[in-house]
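Student: Could we go through some of the labels used for this model and set each value against its definition?

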Amino acid sequence: MIICPECLRGMPLLNGTSCRRCATPTIYPVEECRRCRKARPAFDRCVALGLYQGTMRDALLEMKYRNGRRLVPLLGAMLAERLRRELSGEMPEAVTFVPMHRRRERERGFNQARLLAREIAGHLGLPCVGLLERTRPTRPQAGLSHEERGANVRGCMAVRRGARMPGALLLVDDILTTGATLSACSASLKNAGALEVVACVAARDIPSGWSVPSRE
Ligand SMILES: [Zn+2]
């Protein structure tokens with residue numbers, strides 16, 4: 001299926017109440033949902049455009065596996081608009097992104113998170129900086145359990161040597177599922193001096209077995 005800009009503009013977005021930290025839809029707005037209280041991710045909050053289903057899922061699969069660079073400008077613009085609204089006076093100092101391992105990025109030819117981050121940074125008038133690198137290749141997170149995902153990415157993200165660390169950062173990826181990858185990145189950024197990390201994703205995927213929305 002080929003996604004046209006009209007499909008993207010018309011897709012349902014996340015507009016209801018959610019967990020401020022992980023963007024899971026909830027019945028009431030909450031600072032932290034039950035899952036975040038139990039295992040707190042290292043990022044401070046998450047802004048997500050939509051759920052990983054329907055048109056959004058098709059668009060992200062196209063962007064990733066069928067070289068859908070043409071979708072990046074529109075998705076980036078939609079995310080920037082959402083961020084302006086949700087962060088209002090608390091804009092971060094810089095935008096960064098979840099890195100791919102060098103070998104995988106060479107194979108794919110691009111890193112979709114980096115493309116989105118650059119687009120968003122352009123709209124917000126912020127610098128886009130590559131702060132992180134993968135120290136080893138990891139298995140794809142899709143198909144792994146919650147625990148396996150955590151173990152798969154643990155210790156695999158390092159801050160690049162000589163990087164100047166801004167205090168407040170926006171960390172961009174395409175999808176958040178359990179949050180293990182974004183949390184591993186945020187932990188490394190904070191260890192290197194970042195004070196606040198806002199995760200920003202096009203889609204919030206809800207792992208199977210999660211009941212959503214739930215009364216917290
Ligand atoms: Zn949460």
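Predicted model: local features only at pLDDT ≥ 70, side-chain atom pairs only at ≥ 80, totals over all residues.

Tutor: Residues are numbered from 1 along each chain as its sequence is written.

Student: How do you know that the span of α6 is close to what is expected?

Tutor: Helix α6, residues 112-124, has 13 residues, and the expected span is 1.5 Å times one less than the number of residues. That gives 18 Å, and the helix reaches 18 Å from its first C-alpha to its last. Helices here are DSSP runs of H or I with at least four residues, and strands are runs of E with at least two, both numbered from the N terminus.

Student: Which residues of α6 are buried, and what covers them?

Tutor: The buried ones are Gln112, Ala113, Leu115, Leu116, Ala117, Glu119, Ile120, Ala121 and Leu124, where buried means that 20 or more other C-beta atoms, placed from the backbone, lie within 10 Å of the residue's own. Their cover includes α3, α4, β2, β5 and β6.

Student: Why is α4 called oblique to α6?

Tutor: The two helices pack at about 50°, with axes 8 Å apart, and this angle makes α4 oblique to α6, because angles under 35 degrees count as roughly parallel, over 145 as roughly antiparallel, 65 to 115 as roughly perpendicular and the rest as oblique. On the α6 side, the contact (C-beta atoms within 7 Å) includes Leu115, Glu119 and His123. By class, the contact has 11 nonpolar, two polar and one charged residues.

Student: Which residues bring α7 and α8 together?

Tutor: Arg149, Gly150 and Val153 in α7 meet Ala180, Thr181 and Ala184 in α8. These helices, residues 146-153 and 180-191, pack at about 35° with their axes 9 Å apart.

Student: What makes the phi of Ala23 worth a remark?

Tutor: Most residues other than glycine have a negative phi. The phi of Ala23, however, is near 65°, a positive value in a residue other than glycine. Ala23 is found in the loop between α1 and α2. A positive phi, near 70°, also belongs to Gly125, which follows α6.

Student: Why does Ala23 count as buried?

Tutor: Ala23 has 23 C-beta neighbours inside 10 Å and therefore counts as buried.

Terms used
Buried ≥ 20, exposed ≤ 12 C-beta atoms within 10 Å, placed from the backbone. Contact = placed C-beta atoms within 7 Å. Axes fitted to C-alpha atoms, helices over the stretch in contact; angles between N-to-C directions. Nonpolar A, V, L, I, M, F, W, Y, C, P; charged D, E, K, R; others polar.
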